[in-house]
Amino acid sequence: MPLRTGTTRLIPLLLSTALAAGTLTGCTLLELTRDCEGTDDRVKEMAALDILDSRPAGATVARGFEKIDAGCWADSGDVSVYAGRTYAFPGTQAEVAAHYRAAAVRDGWDPHPEALPDDLCFAREEMALRIVFLTAEGLAEDGHGSRPDLTTGAGYSIDVDSFVNSGVEAGC
């Protein structure tokens with residue numbers, strides 16, 4: 001049975017569109033097809049890292065953040081797995097920083113070579129660990145509204161991420 005002319009013209013058009021998109025974006029067709037398939041075990045490993053449960057005395061898991069946020073994202077051929085936790089802490093940022101500088105070293109993390117001296121960013125086995133202090137503006141941008149429990153004292157998140165099979169190192 002012969003193919004209709006409209007169908008046979010569509011295939012070259014689709015192929016040329018994909019080739020042009022790859023050329024314009026710098027992505028190859030293979031990179032455009034990468035996704036998070038097959039990363040479930042790696043996401044579970046990241047979510048089980050002990051450092052995510054480490055916290056200074058007095059820190060509590062923030063309301064609405066009871067579960068570890070873990071998953072995978074793919075963008076322009078880069079695939080990254082991540083896991084994170086959010087804590088409310090009535091003390092100071094300096095106390096949080098002191099806790100994680102000690103806890104990270106005990107857990108085998110090294111200060112990330114690209115991190116500034118005041119940054120709380122560490123590296124281990126192609127993973128990056130960051131502690132980020134929360135602000136009212138940042139929470140609002142992320143859709144969490146006004147959260148005095150996270151902006152009074154030193155509310156913070158602890159996040160670990162790693163790129164998968166892309167040759168890109170996680171960084172600060």
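These are my notebook entries on a predicted model of one protein chain.

**Ground rules**

I number residues from 1 along each chain as its sequence is written, and I leave hydrogens and water out, so that side-chain values use heavy atoms.

**Entry 1: the chain as a whole**

I began with the secondary structure, taking helices (H or I, at least four residues) and strands (E, at least two) as DSSP runs numbered from the N terminus. I found 6 helices and 7 strands, and along the sequence they follow the pattern α-α-α-β-β-β-α-β-β-β-α-α-β. Next I looked up burial, with buried meaning under 20% relative accessible area, exposed over 50%, and partly exposed in between (1.4 Å probe, protein chains only). Of the 172 residues, 33% are buried. For contacts I used heavy atoms within 4.5 Å. Among contacts with a separation of 6 or more, 67% join residues 24 or more positions apart.

**Entry 2: helix H4**

The 14 residues should span 20 Å, and the end C-alpha atoms are 20 Å apart, so the two agree.

Which residues of H4 are buried? I noted Val96, Ala97, His99, Tyr100, Ala103 and Ala104. They sit on the same side of H4, because they cover an arc of only 165 degrees around the axis; the arc is that of the directions from the helix axis to the C-beta atoms. A reminder to myself: an α-helix has 3.6 residues a turn, so residues three or four places apart point the same way.

Ala94, Val105 and Arg106 are exposed on the face turned away from the buried side of H4.

I followed S5 next, where alanine 123 lies. Alanine 123 and alanine 104 are 19 residues apart in sequence and 9.2 Å apart in space, C-alpha to C-alpha. Leaving aside neighbours within four places in sequence, alanine 123 is in contact with Gly108, Trp109, Asp110 and His112.

The loop between S5 and S6 holds glutamate 125 and glutamate 126. Most residues other than glycine have a negative phi, yet glutamate 125 has a positive phi of about 45 degrees and glutamate 126 one of about 65 degrees. Glutamate 125 counts as exposed because its relative accessibility is 62%. Glutamate 126 is exposed as well, at 61%.

**Entry 3: tyrosine 82**

I then turned to S3, the strand in which tyrosine 82 is found. Is tyrosine 82 buried, partly exposed or exposed? At 26% relative accessibility, it counts as partly exposed. Tyrosine 82 and alanine 70 are 12 residues apart in sequence, with their C-alpha atoms 5.4 Å apart. Not counting residues up to four places away in sequence, tyrosine 82 touches Met46, Asp69, Ala70, Gly71, Cys72, Trp73, Val160 and Asp161.

**Entry 4: the largest pocket**

My pocket search ran on a 1 Å grid over the protein atoms alone, with a 1.4 Å probe; a pocket is an open set of points with protein on both sides within 12 Å along at least five of seven lines, and lining residues have an atom within 4 Å of a point. The largest pocket holds about 420 Å³ of space, a volume being the space filled by probe spheres set on points joined across faces, edges and corners. Of its 21 lining residues, the closest to the centre are Phe65, Thr86, Asp142, Ser157 and Asp159.

Which elements each supply at least two residues of the lining? They are S3, S6, helix H5 (136–141) and S7. S3 gives the most, with 5 residues.

Terms used:
This is a predicted model: local features need pLDDT of at least 70, side-chain atom pairs count only at pLDDT 80 or more; totals for chains, interfaces and linings use all residues. The expected span of a helix is 1.5 Å times one less than its number of residues.
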